[in-house]
Amino acid sequence: MTVPSELIDDFGRRVRYVRISVTDRCDFRCVYCMSEEMTFLPRAQVLTLEELGMVARAFVEMGVEKVRLTGGEPLVRRDIGRLVEDIGCLPGLRDFAMTTNGAGLVKHAHRLREAGLKRLNISLDTLDAERFRQLTRTGDLARVLDGIRAAKAAGFERIKLNAVVLKGRNDDEVVDLVDFARSEGLDISFIEEMPLGDVSDHSRAETFCSSDEVQDLIEQRYPLIPTTESTLGPSRYFRMGDSDSRVGFISPHSHNFCSTCNRVRVTVEGRLLLCLGNEHSVDLRAVLRRHPGDIDALKTAIVEALPLKPERHYFTTDGEVQVVRFMNMTGG
């Protein structure tokens, strides 16, 4: 099989962005992401750093321009800096980013930046320490705020906050979070909760808060100017006339972005997921271990998986669990 230089799905969409989970483990237990008591994968089922690096290389050699490392929490993976270094030097990689809860950035920020990581997304759903503890179950807000400032000092090209808005839990802080982003010179995206995994902490039907509602709250203070700016992800970005900070909205329910989806995901156990809202996948771990070091075999498996990428997902807002895996298994 001749391996193509670009990955095009059956609907004419070019895959330009891969999100790679480096661990299913996390030092937080966020209420919308996982249950309080989790069972994590045994080490043998997890891709090695070398395997993760080969997956990234295969995608970049087939025209993918953006790689994002995710978790769980990527900074709990031992020797994460070595993987960042291996991926950061790949020819053709235009954008290299990581999503993190921020708690490990005081320790890791400078090393990650020196290794070639360009951008960070840092999860921050509240600025209230007690509420932060309730939403994360284990997190320390002060440690995350210190991590954000360490990331700024390390000189990343861009840092963005990600906030999942839950009605009755943190929607009263939307403008406060925008104010914080503005004061720190950061971007911020507000995310609609996705129906992944069976959460016991809250009713998703009752806590769902649409991007339109969040936008209305912000525009009571700051008029938002639509832009065509893109980071190859699903955020729709807006500007404020008096700030360099951008406000984004990730709206899998209210503003479905499937028609322009250019993303695929690889879980830490090597499942290639063609859609966040779909369980169909291909086992890349089996290919990696059946053909160690054979990048062409890996590329062939990726190309042959593309027909599994559906035209769209079908998330609903009624609280029904549509995908049984938790977000920590997928990496967002």
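Helices, of at least four residues, and strands, of at least two, are taken here as DSSP runs and numbered from the N terminus. With that settled, Leu 232 sits in the loop that runs between strand E7 (225–226) and strand E8 (236–240). I start there on account of its backbone. This is a predicted model, and Leu 232 has a phi near 70°, a positive value in a residue other than glycine. Is Leu 232 buried or exposed? Its relative accessible area is 14%. The cut-off for buried is under 20%, so Leu 232 is buried.

Asp 79, which is not a glycine either, has a positive phi, near 65°. Asp 79 belongs to the loop between E2 and H2. At 44% relative accessibility, Asp 79 counts as partly exposed, because that class lies between 20% and 50%.

Staying with that loop, Gly 72 is placed between strand E2 (66–70) and helix H2 (80–88). The peptide bond that joins Gly 71 to Gly 72 is cis, and its omega is about 10°. Anyone setting up the backbone will want to look at that bond in the structure above.

How does the lining of the largest pocket divide into nonpolar, polar and charged residues? Eight are charged, six are nonpolar and two are polar.

Now to Asn 101. Asn 101 is in the loop between strand E3 (95–100) and helix H3 (105–115). With a relative accessible area of 7%, Asn 101 is buried. Which side chain does the side chain of Asn 101 meet in a polar contact? The partner is the side chain of Asp 27, at 2.8 Å. Leaving out residues up to four places away in sequence, Asn 101 touches Asp 27 together with its chain neighbours Cys 26 and Phe 28, and also Glu 73, Ile 122, Ser 123 and Val 144.

Then the cysteines. An unreviewed UniProt entry lists Cys 258, Cys 261 and Cys 275 under "binding site". These three are spread over 18 residues of sequence, yet they cluster in space, with a largest C-alpha distance of 9.2 Å. Cys 258 lies in the loop between strand E9 (243–250) and strand E10 (263–266). The loop between E9 and E10 also holds Cys 261. Cys 258 has 6% relative accessibility and so counts as buried. Cys 261, at 13%, counts as buried too. Setting aside neighbours within four places in sequence, Cys 261 is in contact with Arg 13 and Lys 309.

One more cysteine to finish. Where is Cys 209 found? Cys 209 is in the loop between helix H7 (204–207) and helix H8 (211–219). Its relative accessibility is 3%, so Cys 209 counts as buried. For Glu 192, the separation from Cys 209 is 17 residues in sequence and 6.5 Å in space, C-alpha to C-alpha.

That is the set I wanted to show.

Conventions. Residues are numbered from 1 along each chain as its sequence is written. This is a predicted model: local features need pLDDT of at least 70, side-chain atom pairs count only at pLDDT 80 or more; totals for chains, interfaces and linings use all residues. Side-chain values use heavy atoms; hydrogens and water are left out. Ala, Val, Leu, Ile, Met, Phe, Trp, Tyr, Cys and Pro count as nonpolar, Asp, Glu, Lys and Arg as charged, and the others, Gly among them, as polar. UniProt positions are given in the numbering used here, feature names are shortened, and annotations may be inferred rather than shown by experiment. Buried means under 20% relative accessible area, exposed over 50%, partly exposed in between (1.4 Å probe, protein chains only). Contact means heavy atoms within 4.5 Å. A polar contact is a pair of N or O atoms within 3.5 Å; within protein, one must be able to donate a hydrogen and the other to accept it, and residues adjacent in sequence count only if both atoms are side-chain atoms.
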